[in-house]
Amino acid sequence: KLFATRGVKKTYWAAVRGVPSPAQSKVDVALIKAKGPRGDQVRPSEEGEEEEAQRAVTHYNVIDKAPPVLAWVSLKPVTGRQHQLRAHMAHIGTPIAGDEKYHGDKDLPASISRKLHLHARRIVFAHPRDGKTVDVTAPLPAHMRETFQLFGFDADRYEAAEET
């Protein structure tokens, strides 16, 4: 029920190919399920598909960047559609690194892991029984930590600042 009423705040971290512009914005693009050569995907809806499309909204913020190759972004979905973050980042021209469904695996330097660089960083919600805030933060996976170190992104310093 909390997810359905948008009572859960979710933060994801991603390494994306290229650097989003502007550095902070909102992607408000309705998505539609589609079959693709890489399996089930979603894509932006087109005119005439309004009845099938689902509204999808994502806020993003560039935390650090290594232009033109890669950027570290924080993603906050308002809605929760299948592949929403992946489709939205690809839609604005900066697919998530390692994402084979949405072309984030193309033209990556050989030193970057081919695993998906999308991390469910933090979730915050009021406990349904006692109303106390539940705030869970997950550590960065090893493949993303390696990529961040390679590009000089200081996740440890950012994590410390996040806690204050």
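Before you click anything, one definition: a residue is buried under 20% relative accessible area, exposed over 50% and partly exposed in between (1.4 Å probe, protein chains only). You're looking at a predicted model, where local features need pLDDT of at least 70, side-chain atom pairs count only at pLDDT 80 or more, and totals for chains, interfaces and linings use all residues. Residues are numbered from 1 along each chain as its sequence is written, and side-chain values use heavy atoms, leaving out hydrogens and water.

Start with Glu51, in the loop between β4 (39-44) and β5 (57-66); helices (H or I, at least four residues) and strands (E, at least two) are DSSP runs, numbered from the N terminus. Glu51 is exposed, at 84% relative accessibility.

Stay in that loop and pick Arg55. Arg55 makes a salt bridge with Asp28, with the closest N and O atoms 2.9 Å apart. (That term means a side-chain nitrogen of Lys or Arg within 4 Å of a carboxyl oxygen of Asp or Glu.) Asp28 sits in strand β2 (residues 24-28), so the pair ties together parts 27 residues apart in sequence. Arg55 is partly exposed at 49%, and so is Asp28, at 37%.

Next, select Arg43 and Glu49: another salt bridge, closest N and O atoms 2.6 Å apart. Arg43 is partly exposed at 28%, while Glu49 is buried at 15%.

Now jump to helix α1 (residues 84-91). Six of its eight residues are buried, so the helix is largely enclosed by the rest of the structure. Among them are Leu85, Ala87 and Met89. Just after α1, stop at Gly93, which takes a positive phi of about 90°.
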